[in-house]
Amino acid sequence: MSDSSTISDDLVDHVPDPGDSDEQQLVRYLSEHSDECPLCNYNLRGVTRAICPECGHGLKLTVGLTDLLIWPWAAMAVALCLLAGLGLMCLFMVILEGMPPDNGAPWSVLVRDLTIYVFMASVPIAAAVVFLRKRILRMPTSKQKTLAWSCIGICIVNFTLFFVSMAIAMRT
Ligand SMILES: [Zn+2]
């Protein structure tokens, strides 16, 4: 490499040599950039091999997305898993002992039974949301947000109605 022009030499340094192996390109990238090990968060700047010096795991170059929105799916999954958690409990109770007795005002019994059905229906829906994660992430963002807020809303409303109707049933 000539020392006549430091600027062009500097630019050449940033262009990966097509002959470079993936490991060489990674080491070259990390000689100029600070990046953390995805596992142990060790700052990998200046490593000489494609191995994390801290945790010993191999490193590779990957392509990442800059605009992946994960919260709508995560919110959906959390809301539905909360519903499904109680849904599983309800399912076992209903299988073992049937629906709870109809004490209290008819409307509160109806509301309680409806919330129990929503809890139980959430079990397969939560499983589907976890299983179909990639398909949901490919949906338009606005649709994902609508689904997320719907799940959060259903979760809050169903838990509230369930506990209110249970409290009314216990008081009478
Ligand atoms: Zn590490």
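What percentage of the 172 residues of the protein chain counts as buried? In this predicted model, the share is 16%.

**Figure 1. Overall fold of the protein chain.** The secondary structure consists of 6 helices and 0 strands. Read from the N terminus, the order of elements is α-α-α-α-α-α. Among contacts with a separation of 6 or more, 63% join residues 24 or more positions apart.

**Figure 2. Packing of helix 3 against helix 4.** Helix 3 spans residues 71-97 and helix 4 spans residues 106-131. Their axes lie 7 Å apart, at an angle of about 130 degrees. The two helices are therefore oblique to each other, and their crossing is left-handed. On the helix 3 side, the contact is formed by Met76, Ala77, Leu80, Cys81, Leu83, Ala84, Leu86, Gly87, Leu88, Cys90 and Leu91. Helix 4 contributes Ile116, Val118, Phe119, Met120, Ser122, Val123, Ile125, Ala126, Val129 and Val130. By class, the residues of this contact comprise 19 nonpolar, 2 polar and no charged.

**Figure 3. The largest nonpolar core.** This core has 15 residues, of which Met76, Ala79, Leu80, Leu83, Phe119, Ala126 and Cys151 touch the most other members. Two or more residues are supplied by each of helix 3, helix 4 and helix 6 (141-171). Helix 3 provides the largest share, with 7 residues.

**Figure 4. Surroundings of Phe119.** Phe119 belongs to the largest nonpolar core and to the helix 4 side of the contact with helix 3. Apart from neighbours within four places in sequence, Phe119 is in contact with Leu83, Leu86, Gly87, Cys90 and Asn158. One of these, Leu83, is also a member of the core.

Methods: Residues are numbered from 1 along each chain as its sequence is written. This is a predicted model: local features need pLDDT of at least 70, side-chain atom pairs count only at pLDDT 80 or more; totals for chains, interfaces and linings use all residues. Axes are lines fitted to C-alpha atoms, for helices over the stretch in contact, and angles run from 0 to 180 degrees between N-to-C directions. Helices (H or I, at least four residues) and strands (E, at least two) are DSSP runs, numbered from the N terminus. Angles under 35 degrees count as roughly parallel, over 145 as roughly antiparallel, 65 to 115 as roughly perpendicular and the rest as oblique. A crossing is left-handed if the near helix is turned anticlockwise from the far one by less than a right angle, and right-handed if clockwise. Two residues are in contact if their C-beta atoms, placed from the backbone, lie within 7 Å. Ala, Val, Leu, Ile, Met, Phe, Trp, Tyr, Cys and Pro count as nonpolar, Asp, Glu, Lys and Arg as charged, and the others, Gly among them, as polar. A residue is buried if 20 or more other C-beta atoms lie within 10 Å of its own, exposed if 12 or fewer, and partly exposed in between; C-beta atoms are placed from the backbone. A nonpolar core is a set of buried Ala, Val, Leu, Ile, Met, Phe, Trp, Tyr and Cys residues joined through C-beta atoms within 7 Å.
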